[in-house]
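Student: I would like to learn how to read a protein model feature by feature, with the cut-offs behind each term. Could you take me through one?

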Amino acid sequence: MRCGGGHVPELFSLTKDVNIYDIYASIMNDEKLESIENTSTFYTIEVTRRKEKKYQYSDEDIIKKYQQNFIEKGTYDPLIAMGMGGEYYYIARFNNLEDLKEFKDYVLLKVID
(Lines give C-alpha, C1' and ligand atoms only; values in the text may rest on other atoms or scores of the structure.)
Protein backbone atom coordinates (compact mmCIF):
# COMPACT_ATOMS: atom_id res chain seq x y z
CA MET A 1 0.00 0.00 0.00
CA ARG A 2 1.34 3.43 -0.96
CA CYS A 3 0.65 6.57 1.03
CA GLY A 4 -1.58 9.03 -0.80
CA GLY A 5 -0.93 12.56 -1.94
CA GLY A 6 0.47 12.39 -5.46
CA HIS A 7 4.03 13.71 -5.35
CA VAL A 8 3.68 15.15 -1.84
CA PRO A 9 5.51 12.22 -0.16
CA GLU A 10 8.44 12.67 -2.55
CA LEU A 11 8.46 16.42 -1.92
CA PHE A 12 8.59 15.81 1.86
CA SER A 13 11.37 13.25 1.41
CA LEU A 14 13.43 15.63 -0.74
CA THR A 15 12.87 18.60 1.55
CA LYS A 16 14.01 16.88 4.76
CA ASP A 17 16.31 14.19 3.29
CA VAL A 18 14.24 11.37 4.80
CA ASN A 19 12.43 8.40 3.31
CA ILE A 20 8.78 9.13 3.95
CA TYR A 21 7.82 5.69 2.58
CA ASP A 22 9.87 3.95 5.29
CA ILE A 23 8.16 6.12 7.91
CA TYR A 24 4.75 5.33 6.42
CA ALA A 25 5.53 1.59 6.35
CA SER A 26 6.53 1.69 10.01
CA ILE A 27 3.26 3.41 10.91
CA MET A 28 1.21 0.92 8.90
CA ASN A 29 3.02 -1.97 10.67
CA ASP A 30 2.41 -0.46 14.12
CA GLU A 31 6.15 -0.13 14.67
CA LYS A 32 7.53 2.36 17.12
CA LEU A 33 8.95 5.38 15.31
CA GLU A 34 12.35 6.58 16.35
CA SER A 35 12.90 10.30 16.57
CA ILE A 36 14.19 11.73 13.30
CA GLU A 37 17.15 13.95 14.13
CA ASN A 38 17.52 15.50 10.71
CA THR A 39 18.22 19.20 10.56
CA SER A 40 18.79 19.47 6.83
CA THR A 41 16.18 21.51 5.05
CA PHE A 42 15.89 22.08 1.36
CA TYR A 43 13.24 23.88 -0.65
CA THR A 44 11.40 21.57 -3.02
CA ILE A 45 8.82 22.46 -5.65
CA GLU A 46 6.62 20.87 -8.26
CA VAL A 47 5.72 23.24 -11.11
CA THR A 48 3.07 22.32 -13.67
CA ARG A 49 2.49 23.47 -17.24
CA ARG A 50 -0.50 23.26 -19.55
CA LYS A 51 -0.04 21.81 -23.03
CA GLU A 52 -2.12 24.53 -24.74
CA LYS A 53 0.12 27.36 -23.45
CA LYS A 54 3.28 28.57 -25.18
CA TYR A 55 6.24 28.89 -22.83
CA GLN A 56 9.45 30.84 -23.34
CA TYR A 57 11.77 27.98 -22.34
CA SER A 58 11.84 24.38 -23.55
CA ASP A 59 12.34 21.23 -21.46
CA GLU A 60 15.94 21.21 -22.60
CA ASP A 61 16.45 24.84 -21.51
CA ILE A 62 15.01 24.09 -18.06
CA ILE A 63 17.04 20.94 -17.51
CA LYS A 64 20.26 22.56 -18.73
CA LYS A 65 19.90 25.67 -16.57
CA TYR A 66 18.81 23.78 -13.44
CA GLN A 67 20.68 20.50 -13.88
CA GLN A 68 22.14 20.69 -10.34
CA ASN A 69 18.65 21.06 -8.86
CA PHE A 70 16.50 19.08 -11.27
CA ILE A 71 14.88 15.93 -9.87
CA GLU A 72 12.18 14.81 -12.29
CA LYS A 73 9.85 15.79 -15.12
CA GLY A 74 6.82 13.97 -16.38
CA THR A 75 3.26 14.05 -17.60
CA TYR A 76 0.07 13.50 -15.64
CA ASP A 77 -2.59 11.07 -16.67
CA PRO A 78 -5.31 13.02 -18.50
CA LEU A 79 -7.84 12.00 -15.84
CA ILE A 80 -6.00 13.93 -13.12
CA ALA A 81 -4.26 16.65 -15.13
CA MET A 82 -7.00 19.25 -14.60
CA GLY A 83 -6.94 18.76 -10.84
CA MET A 84 -3.15 18.95 -10.74
CA GLY A 85 -3.02 22.28 -12.58
CA GLY A 86 -1.44 21.11 -15.82
CA GLU A 87 -0.40 18.22 -18.01
CA TYR A 88 3.37 18.45 -17.43
CA TYR A 89 5.30 18.72 -14.19
CA TYR A 90 8.83 19.52 -13.08
CA ILE A 91 10.27 18.75 -9.63
CA ALA A 92 13.40 20.49 -8.35
CA ARG A 93 15.19 21.03 -5.03
CA PHE A 94 17.09 24.12 -3.89
CA ASN A 95 19.17 25.34 -0.96
CA ASN A 96 17.22 28.58 -0.66
CA LEU A 97 13.79 30.00 -1.30
CA GLU A 98 14.95 32.69 -3.75
CA ASP A 99 16.37 30.10 -6.18
CA LEU A 100 13.15 28.10 -5.93
CA LYS A 101 11.08 31.15 -6.84
CA GLU A 102 13.40 31.90 -9.78
CA PHE A 103 12.94 28.32 -11.03
CA LYS A 104 9.14 28.61 -10.80
CA ASP A 105 9.15 31.91 -12.71
CA TYR A 106 11.53 30.52 -15.35
CA VAL A 107 9.45 27.39 -15.98
CA LEU A 108 6.17 29.34 -16.16
CA LEU A 109 7.36 32.27 -18.29
CA LYS A 110 5.02 32.41 -21.28
CA VAL A 111 5.73 33.63 -24.79
CA ILE A 112 4.35 37.12 -25.32
CA ASP A 113 2.33 37.27 -28.55
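**Reading the fold, the core and the rings**

Tutor: The chain has 5 helices and 3 strands, where helices (H or I, at least four residues) and strands (E, at least two) are DSSP runs numbered from the N terminus. Along the sequence they follow the pattern α-α-β-α-β-α-β-α. This is a predicted model, in which local features need pLDDT of at least 70 and side-chain atom pairs count only at pLDDT 80 or more, while totals for chains, interfaces and linings use all residues. Residues are numbered from 1 along each chain as its sequence is written, and side-chain values use heavy atoms, with hydrogens and water left out.

Student: In what order do the 3 strands form the sheet?

Tutor: Two strands pair if DSSP finds at least two bridges between them. Here the 3 strands form an open sheet in the order E1-E3-E2, with antiparallel pairing. Strand E1 (43-49) and strand E2 (70-75) are the edge strands, each of which pairs on one side only. From one strand to the next the twist averages 15°, given that axes are lines fitted to C-alpha atoms, for helices over the stretch in contact, and that angles run from 0 to 180 degrees between N-to-C directions.

Student: How many bridges join E1 and E3, and how many join E2 and E3?

Tutor: E1 and strand E3 (residues 88-94) pair over 7 bridges in the antiparallel sense; within E3, Ile91 has Glu46 opposite it, and Phe94 has Tyr43 opposite it. E2 and E3 pair over 5 bridges, again in the antiparallel sense, and Phe70 stands opposite Ala92 in E3.

Student: Which helix packs on the sheet?

Tutor: Helix H5 (residues 97-108) packs on the sheet, touching E1 and E3, and its direction makes about 10° with that of E1; contact here means heavy atoms within 4.5 Å.

Student: How should I read burial, and what share of the residues in the chain is buried?

Tutor: Buried means under 20% relative accessible area, exposed over 50%, and partly exposed in between, computed with a 1.4 Å probe on protein chains only. By that rule, buried residues make up 28% of the 113 residues in the chain. In E3, 5 of the 7 residues are buried, so this strand is largely enclosed by the rest of the structure. Gln68, by contrast, lies in the loop between H3 and E2 and counts as exposed, at 74% relative accessibility.

Student: Which residues make up the largest nonpolar core?

Tutor: In soluble globular proteins, nonpolar side chains tend to be buried together. A nonpolar core is a set of buried Ala, Val, Leu, Ile, Met, Phe, Trp, Tyr and Cys residues joined through side-chain atoms within 4.5 Å. The largest one has 12 residues in all: Ile45, Val47, Ile62, Tyr66, Phe70, Tyr90, Ala92, Phe94, Leu100, Phe103, Tyr106 and Val107. E1, E3 and H5 are the elements that give two or more residues to this core, and H5 gives the most, with 4 residues. A second, separate core of 5 residues includes Tyr76, Ala81, Tyr89 and Ile91.

Student: How many aromatic pairs are there, and how is such a pair described?

Tutor: A pair of aromatic rings is described by the distance of the centres and the angle of the planes. Rings of Phe, Tyr and Trp (its six-membered ring) pair if their centres lie within 6.5 Å, and planes under 30 degrees apart count as stacked, over 60 as edge-to-face and the rest as tilted. The count by this rule comes to 7 aromatic pairs. One of them is the stacked pair of Tyr57 and Tyr106, at 3.8 Å centre to centre with 10° between the planes. Tyr57 lies in the loop between E1 and helix H3 (59-65) and Tyr106 in helix H5, so the pair ties together parts that are 49 residues apart in sequence.

Student: Are Tyr57 and Tyr106 buried, partly exposed or exposed?

Tutor: Tyr57 counts as partly exposed at 26% relative accessibility, whereas Tyr106, at 13%, counts as buried. For Tyr66 and Phe103, the ring centres are 5.0 Å apart and the planes are at 85°, so the pair is edge-to-face. Both Tyr66 and Phe103 are buried. Ring pairs link Tyr57, Tyr66, Phe94, Phe103 and Tyr106 into a cluster.
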